[in-house]
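Take a look at the structure below.

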Amino acid sequence: MHSPDSRNALNSRLAQRWSVHYKVQFAYPDYAGEGMTIDVSAGGLCIITNREIAPGVEMYARLVLPDNAHLDFQTATVKWCDNGQVGLEISEMERQDTLRLLQLLSRLGGSAITYSRKYNPGSVTIGSGHELGKYIVGAMEGSPLLNIFTSISQQVRAQLRRDPTF
């Protein structure tokens with residue numbers, strides 16, 4: 001099922017993606033199934049499955065990590081589906097799972113957060129660097145990841161100095 005908006009969804013990625021292959025379990029009112037990630041980001045994931053799923057479907061999804069730990073997405077929205085590949089946008093996660101996802105992504109390759117002035121529907125919409133800082137501080141309150149935030153905020157400030165349109 002190829003949505004006319006699927007190409008736009010593919011080209012409008014706002015977060016860096018990491019190519020990893022983790023098992024994904026998902027369920028929505030008419031179906032429960034499994035798939036495998038193609039890539040993962042702070043805002044979503046691309047999976048491959050044998051099920052064509054219509055864009056707009058909201059589902060529960062669970063990312064199963066290699067150590068059998070898991071991250072739960074209370075709501076993930078199908079943004080596009082093309083030949084068994086499904087683009088999911090994370091719409092709702094518990095705080096602990098959000099922190100663990102950010103920690104996982106930082107281990108995979110650096111900063112897990114991408115800032116854009118464009119509207120990005122999802123669990124968090126950030127319209128300014130100030131809002132980004134407030135969100136991260138609130139999410140990481142009491143977390144050992146707070147030190148990582150300091151480094152990320154310094155990187156964002158440096159990028160803003162180099163490119164004010166960032």
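Thr77 is found in strand E5. Keep in mind that this is a predicted model. Is Thr77 buried or exposed? Its relative accessibility is 11%, and the cut-off for buried is under 20%. Therefore Thr77 counts as buried.

Which residues surround Thr77? Set aside its neighbours within four places in sequence. Thr77 is then in contact with Gly56, Val57, Glu58, Gly87, Leu88, Glu89 and Ser91.

Now move to strand E5 itself, residues 70–82. E5 pairs with strand E6, residues 85–93, in the antiparallel sense, over 8 bridges. One link to find is Ala76, whose bridge partner in E6 is Ile90. Strands of a sheet pair through backbone hydrogen bonds.

Step back to the whole barrel. It is closed, has 6 strands and runs E1-E2-E3-E6-E5-E4, with antiparallel pairing. From one strand to the next, the twist averages 45°. Helix H2, residues 95–109, lies across strands E2, E4, E5 and E6. H2 runs at about 70° to E5.

Next comes the core. In soluble globular proteins, nonpolar side chains tend to be buried together. Here the largest nonpolar core has 26 residues. Leu45, Met59, Leu63, Phe73, Leu88 and Leu101 have the most contacts inside it. The elements giving two or more residues to this core are E1, E3, E4, E5, E6 and H2. E5 supplies the largest share, 5 residues.

Finish with Leu88. Leaving aside neighbours within four places in sequence, Leu88 is in contact with several residues, including Leu45, Met59 and Ala76. Thr77 is also among them.

Methods. Residues numbered from 1 in each chain as written. Predicted model: local features only at pLDDT ≥ 70, side-chain atom pairs only at ≥ 80, totals over all residues. Heavy atoms only, no water. Pairing = 2+ DSSP bridges. Helix = DSSP H or I, 4+ residues; strand = E, 2+ residues; numbered from the N terminus. Axes fitted to C-alpha atoms, helices over the stretch in contact; angles between N-to-C directions. Contact = heavy atoms within 4.5 Å. Core = buried A, V, L, I, M, F, W, Y, C linked by side-chain atoms within 4.5 Å. Buried < 20%, exposed > 50% of the residue type's maximum accessible area, 1.4 Å probe, protein only.
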